[in-house]
Amino acid sequence: MRASRHRNLVVTAIALAATLLVATAPATAAPAPPSVASPAIGRLAGVDRYATSAASSRQAYPSGPVPVAYLVSGGAMSNLGYAAIAAGATQGGPALLTARDSIPSAIAAELTRLRPTTVVVVGSTAAVSSAVERAASRWTKDVRRLGNSSRAATAQAINRFAFTSATQAWVVDQSDVSDGIVGAVAAGAHRGPVVVLDGDATDLHPTNASLLRDLGVSKVTIVGPTSAVGSGIENDLKALVGSSGVVRAAGTDSSSTSARVNTLAWPSPAPGTAYLADGLVLTDAFAGAPLAARTQRPLFVTVPYCADATVRSALLGPGYTRVVLLGGETSIRVLAGRLETCRSIESSGSVWALVNKRNPLSPRTFVPNNLVVPSMPYANGRQLRSDAAAALSRMASAAYAAGAGRIGIDTAYRSYSTQKALYDKYLALKGRTWTDTWYMRPGYSEHQTGLAVDLLPIGRSNCRINDCIDETPQGVWLAKNSWRYGFLLRYEEGRTSTTGMGFEPWHFRFVGTPLATAYHDANWHTYEQFLRQPAARTY
């Protein structure tokens, strides 16, 4: 790609920066699945995790007083509190996130509104300090601490406090946060306990067996595969409640496991709401979980920017008329709520491939299939992948119809050898630092995917080359409208610390209209941040 603002150096070149977490890239891109009609979208979000937790509680418990409120660490140890989700839903009170050493203002206001009879502080003082325990006495004289640094023992203490009987229980591994939250929502929705244990143990711990027996549990759902909760525990559960009373809800990852848990827990759900959360960073999932459990609706998890295939399939069923995203756009993208199918960001042949200084193409000499010259004036014989070429043709026609003028192509697909020649040329002329700011090294360039194009203004103003296109009507129109045709302005001004590249107002990357629309609507500025991937300033 050409070095922006360096008109003395460029007439033919252009180089790019882009990113890719690559595995093995098939040369032929798989056809993108069509977008489908999806349920209505809602969002539950506050300014932070504590405000989201308070908002969840307000919807779950619109009026007080409530018999109990649980205070669970909103920090790294929040996975200690799974059992509080199910317990609170059964007893009629929320599980609220708190800071370790103080009660956040949003949670304090919620406690004032709810007027709980009992406040339960969950876990050890390392998770929630004694200062929080003392502060909670502002709302009730009955403040108690349940549990310690052991996740299993904490869950056991909560379950003994909250339940006197139950017909169903869910069993989760203590170290899997996603399975713990999803399982706790299903348990709470069915007014049963979630049993947290060491899934690597060879047998069911006697305290857990005693709990299930004392409560009268006759059906147990194990959450996760045998790698999470071992077969020895499963066999002991079958001996305890009978083989027909034990089922396993397992998928290949956290998203598909959540779909399986919810299929078993809600085989024929009444039409209504489902909750959807980021399955990688789960604080917002925990914040919204008490609402899902109390209202007896399922919680699914997915990657933050799209809908996992199994989750998408479930949510397109007749039981779900509305999907509520848990957390703000930086937590889970509206694109996931629109149930857009996930595409690989690692495969070089994917329309969503992330290619940048951290993520080379695989192989680095990757050549896409279906290269064609776009059907538009001033294509100059340049090639793009057929889907990108068709979209560019439409975009160029629309720009001309809108009075912005003609748009031409400076460069589009570049082979590995072409990219190498350009990089080596400017390396010799300008040195490593300059060249790495304006040109991608061979094997790291989006141009090699056939999805990136550098555009020229035709016949307007003094700008005859693309490094001043932003000063022309064409460049202004493209910056405002390229998303409508599936393109991102890939290297915006002031984003070098993330993309590793200088401002390139000519460089557009095709990702498809659904992603580009979501990217635009939520005001994203780098593809790396949208995909929640590391910055790629250096190789």
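In this model, S178, D179, V182 and A186 of α6 meet S254, T257, S258, V261, N262 and A265 of α9, where contact means heavy atoms within 4.5 Å. By class, this contact of α6 with α9 has four nonpolar, five polar and one charged residues. For the classes, Ala, Val, Leu, Ile, Met, Phe, Trp, Tyr, Cys and Pro count as nonpolar, Asp, Glu, Lys and Arg as charged, and the others, Gly among them, as polar.

Please keep in mind that the model is predicted, with local features needing pLDDT of at least 70 and side-chain atom pairs counting only at pLDDT 80 or more, while totals for chains, interfaces and linings use all residues. Residues are numbered from 1 along each chain as its sequence is written, and side-chain values use heavy atoms, leaving out hydrogens and water.

**Helix pairs**

- Helix α6 covers residues 177-189 and helix α9 residues 254-265, and their axes come within 10 Å and cross at roughly 15°. Helices (H or I, at least four residues) and strands (E, at least two) are DSSP runs, numbered from the N terminus. Axes are lines fitted to C-alpha atoms, for helices over the stretch in contact, with angles from 0 to 180 degrees between N-to-C directions.
- The crossing of α6 and α9 is right-handed, meaning that the near helix is turned clockwise from the far one by less than a right angle, with anticlockwise being left-handed.
- The axes of α5 and α7 come within 11 Å and cross at roughly 20°. These two helices are therefore roughly parallel to each other; angles under 35 degrees count as roughly parallel, over 145 as roughly antiparallel, 65 to 115 as roughly perpendicular and the rest as oblique.
- The crossing of α5 and α7 is left-handed. Q156, N159 and R160 of α5 make the contact with T207, N208, S210, L211 and D214 of α7. By class, that contact has one nonpolar, five polar and two charged residues.
- α1 and helix α10 (residues 283-294) pack at an angle of about 5°, their axes 8 Å apart. They are therefore roughly parallel to each other.
- On the α1 side, R49, T52, S53, S56, Q59 and A60 take part, and on the α10 side T283, D284, A287, G288, P290, L291 and R294. The classes here are four nonpolar, six polar and three charged residues.

**The two sides of α7**

- Helix α7 (residues 206-215) has N208, A209, L211, L212 and L215 as its buried residues. Buried means under 20% relative accessible area, exposed over 50%, and partly exposed in between (1.4 Å probe, protein chains only).
- Seen down the axis of α7, these buried residues fall within an arc of 160°, so they line one face of the helix. The arc is that of the directions from the helix axis to the C-beta atoms.
- On the other side of α7, P206 and R213 are exposed.
- The buried residues of α7 pack against α5 (151-162), β6 (168-173), β7 (194-197) and α8 (231-241).
- G216 follows α7 and has a positive phi, near 80°.

- S53 belongs to helix α1 (residues 49-60). With 2% relative accessibility, S53 counts as buried.
- Not counting residues up to four places away in sequence, S53 touches A95, L96, L97, I107 and A287.
- F530 sits in helix α19 (residues 527-530) and, at 0% relative accessibility, counts as buried.
- Leaving aside neighbours within four places in sequence, F530 is in contact with Y305, E329, R333, L335, L515, Y519 and W524.
- F530 and E234 are 296 residues apart in sequence and 40 Å apart in space, C-alpha to C-alpha.
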